[in-house]
Amino acid sequence: MRLDRLHIPFITIGFALLLLPLCPASAQARKFTVVIDAGHGGHDPGAVGKTSREKNINLGVALKLGRLIKENCTDTKVIYTRDRDIFVPLARRAEIANDAKADLFISIHTNSLAGNRKVKGASTWTLGLAKSDANLEVAKRENAVILYEDDYQTRYAGFNPNSAESYIIFEFMQDKYMSQSVHLASLVQKEFQQTAKRTDRGVHQAGFLVLKASAMPSILVELGFISTPEEERYLNTENGRNALAQSIYRAFLTYKKEQEARRESTSAPAGNTPHSSIPQKTSSPKEREEKAPAQSSPIFKVQILASTRPIPQGSDEFKGVKDVEYYRENGMYKYTCGASADYDEMLQLKEKLSVRFKGPFIIAFKNGKKMSIDTAIREYNNNKKQ
């Protein structure tokens, strides 16, 4: 059977474009911002196939994705880390997204597996600890980009992309955007399977430096395997790239609509949004500190807001939310909800609060003083083993 009959998901590209969903009109004053990162580039070819290079496949799909968003979502700003064949340092890619205060970071890559010319499929990755040697190898390959940089040992604090020991830093890392990133990754995989008819290789986690440095929900997409001849041919066709870009676009659109609906629900009167599952407030921050005995274990809390000025307790910001406390740090008032020595309990609370607040995350205290979340999680895990 011919390859195009196996993979092309639409009869013609023109017909496919007619089926594209559009962004609804948005009342937001600030444009939703997405940064699209075409992996590799310039003197860094990425993975090399028999007839093509990863850097060109990545750029082709990235530009098509950006064009779809620009043409159909006038309320969205698209920023590319590169829009031509140039080398961009890994740290600079995340810096571009952070400087733009982006709402999303999407990094586009192409996979490769030496010695296997039959493996197929697309996968989507989020930041985290690699749970298998295969996942670690993917992270090693993508992080090896830093070896093209002259000062990588200084810039990345001695990180060695080829050493498994360097990846220990990801073991206890707290990513406050994890749930949003995993959700977007799941949407992308669903569209790869349904829209582009790709083999679904699932959502995975690994220690990608480019995702670690980005301060927003972020994913890394592996479009397919350039090391598999059949997949390499598909990845280099217009139809293949159009289908892949359209899949990511559809997932992006679903995610964006969900985020806007969530923001609208949080701005509605408190009576319209139930929050009865959030615990009741029992005391003020000062009272809680005065009563607290010396702690042998860290106390975890979920941070929900930060402000340069104190927010009155009866403010609309906290309507429907109880058990709110605050602490001061670097001239900021930082507001938290919940308090428990059980980290898993606070993870569940964080998920509930994410419906109301954008990007809540867990912090830790011991004897009234804020401590490193990595150290706190390590202590918590050690205490569970005892």
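Let's start at helix α7, which covers residues 178-194; helices here are DSSP runs of H or I with at least four residues, strands are E runs of at least two, and both are numbered from the N terminus. The 17 residues of α7 reach 24 Å from first C-alpha to last, close to the 24 Å expected at 1.5 Å a residue (the expected span is 1.5 Å times one less than the number of residues). Buried residues of α7 include L184, L187, V188 and F192, where buried means under 20% relative accessible area, with a 1.4 Å probe and protein chains only.

A word on what you're looking at: this is a predicted model, in which local features need pLDDT of at least 70 and side-chain atom pairs count only at pLDDT 80 or more, while totals for chains, interfaces and linings use all residues. Residues are numbered from 1 along each chain as its sequence is written, and side-chain values use heavy atoms, with hydrogens and water left out.

Now for the sheet. Six strands make an open sheet with mixed pairing, in the order β2-β1-β3-β6-β4-β5; two strands pair if DSSP finds at least two bridges between them. At the edges sit β2 (76-80) and β5 (200-206), each pairing on one side only. On average, neighbouring strands of this sheet are turned by 20° against each other, direction ignored (the axes are lines fitted to C-alpha atoms). Further in, β3 (residues 104-111) and β6 (residues 218-225) run parallel and are joined by six bridges. I108 has V221 in β6 as its bridge partner.

Next, the aromatic rings. Rings of Phe, Tyr and Trp (its six-membered ring) pair if their centres lie within 6.5 Å; planes under 30 degrees apart count as stacked, over 60 as edge-to-face and the rest as tilted. That gives ten aromatic pairs. Take F32 and F252: their ring centres are 5.8 Å apart and their planes at 70°, so the pair is edge-to-face. F32 belongs to strand β1 and F252 to helix α10, 220 residues apart, and both are buried. Y327 and F365 are edge-to-face too, because their centres are 5.2 Å apart and their planes at 80°. Y327 is in β8 and F365 in β10, so this pair ties together parts 38 residues apart in sequence.

Both of these pairs also involve a ring with a charge over it, meaning NZ of Lys or CZ of Arg within 6 Å of the ring centre and within 35 degrees of the ring normal. K256 has its charged end over the ring of F32, 5.8 Å from the centre, and K301 lies over the face of F365 at 5.0 Å.

Note on methods: Buried < 20%, exposed > 50% of the residue type's maximum accessible area, 1.4 Å probe, protein only. Axes fitted to C-alpha atoms, helices over the stretch in contact; angles between N-to-C directions.
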